Amino acid sequence: MSEQLLVMHCSPTLAGIKTGSLFGCRCACRKKLFCILRRWNRMFNPKGVYVKAFCSRPGWFLIYVYRKNQLERDLFSPDACAFLETYGYTQKDDLYEIFRRLSLRLRENSEFPHEIGLFLGYPLADVKGFIENKGRNCKCSGCWKVYEDEEKAQKLFIKYRKCTDIYCQKLKEGTSILRLTVAA
């Protein structure tokens, strides 16, 4: 787990232009992974960024980097709550309970829980479209498959790519990851 990996996969979240980012990593030593996550959380939490690991199978973790305020806004909207209820989340859940439910779904289902798109800031219409169409018949794809507003999504894809390119270059030039992280 390196800062380079974090920047490569999470720059738009670190920049404050995306709710959350997710990447997978193998880790033989769970204790070492959680030590790194604690260090990152101490560093990033004052800026509104949080890091969490989900174990999807032995030795394999999904690292979730998110903006807590944006995530709460996204997940607790009435439409998102109604949608998430169909997957066992309840409107009275707090973020801890929502993460517990997502973790359970990641471990117990043979199919990836596609509602995770909401955790990443994807539009609800596109998350629903992906599920209803089983990943087919999209208008376009980039960071996610688009079923609704193609023009808006294309602009976001370009913005995210440009952000990632700039952040990777800045990290390579020696800018610290903390300095690259925008405060909420």
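**Helix packing and loop geometry in the predicted model**

Lys68, Leu71, Glu72 and Leu75 of helix α3 meet Leu95, Ile98 and Phe99 of helix α5, contact being defined as heavy atoms within 4.5 Å. By class, this contact of α3 with α5 comprises five nonpolar, no polar and two charged residues; Ala, Val, Leu, Ile, Met, Phe, Trp, Tyr, Cys and Pro count as nonpolar, Asp, Glu, Lys and Arg as charged, and the others, Gly among them, as polar. The two helices, α3 (residues 68-75) and α5 (residues 95-108), pack at an angle of about 75° with their axes 12 Å apart. Axes are lines fitted to C-alpha atoms, for helices over the stretch in contact, and angles run from 0 to 180 degrees between N-to-C directions. Helices α3 and α5 are therefore roughly perpendicular to each other (65 to 115 degrees; under 35 is roughly parallel, over 145 roughly antiparallel and the rest oblique).

The structure is a predicted model, in which local features need pLDDT of at least 70 and side-chain atom pairs count only at pLDDT 80 or more, whereas totals for chains, interfaces and linings use all residues. Residues are numbered from 1 along each chain as its sequence is written, and side-chain values use heavy atoms, with hydrogens and water left out. Helices (H or I, at least four residues) and strands (E, at least two) are DSSP runs, numbered from the N terminus.

Helix α2 (residues 30-44) has 15 residues and reaches 21 Å from its first C-alpha to its last, close to the 21 Å expected at 1.5 Å a residue, the expected span being 1.5 Å times one less than the number of residues. Its buried residues are Leu33, Ile36, Leu37, Trp40, Asn41 and Phe44 (buried, under 20% relative accessible area; exposed, over 50%; partly exposed, in between; 1.4 Å probe, protein chains only). Viewed down the axis of α2, these buried residues fall within an arc of 135°, so they line one face of the helix; the arc is that of the directions from the helix axis to the C-beta atoms. On the other side of α2, Lys31, Lys32 and Arg42 are exposed.

Helix α8 (residues 150-172) has 23 residues and spans 33 Å between its first and last C-alpha, close to the 33 Å expected. Its buried residues, including Phe157, Tyr160 and Tyr167, pack against α1 (3-14), β4, β5 (145-146) and α9 (177-180). Just after α8, Gly174 takes a positive phi of about 110°.

In the loop between α7 (124-132) and β4 (140-141) lies Lys134, which has a positive phi of about 55° although it is not a glycine. Lys134 is exposed, with a relative accessible area of 62%.
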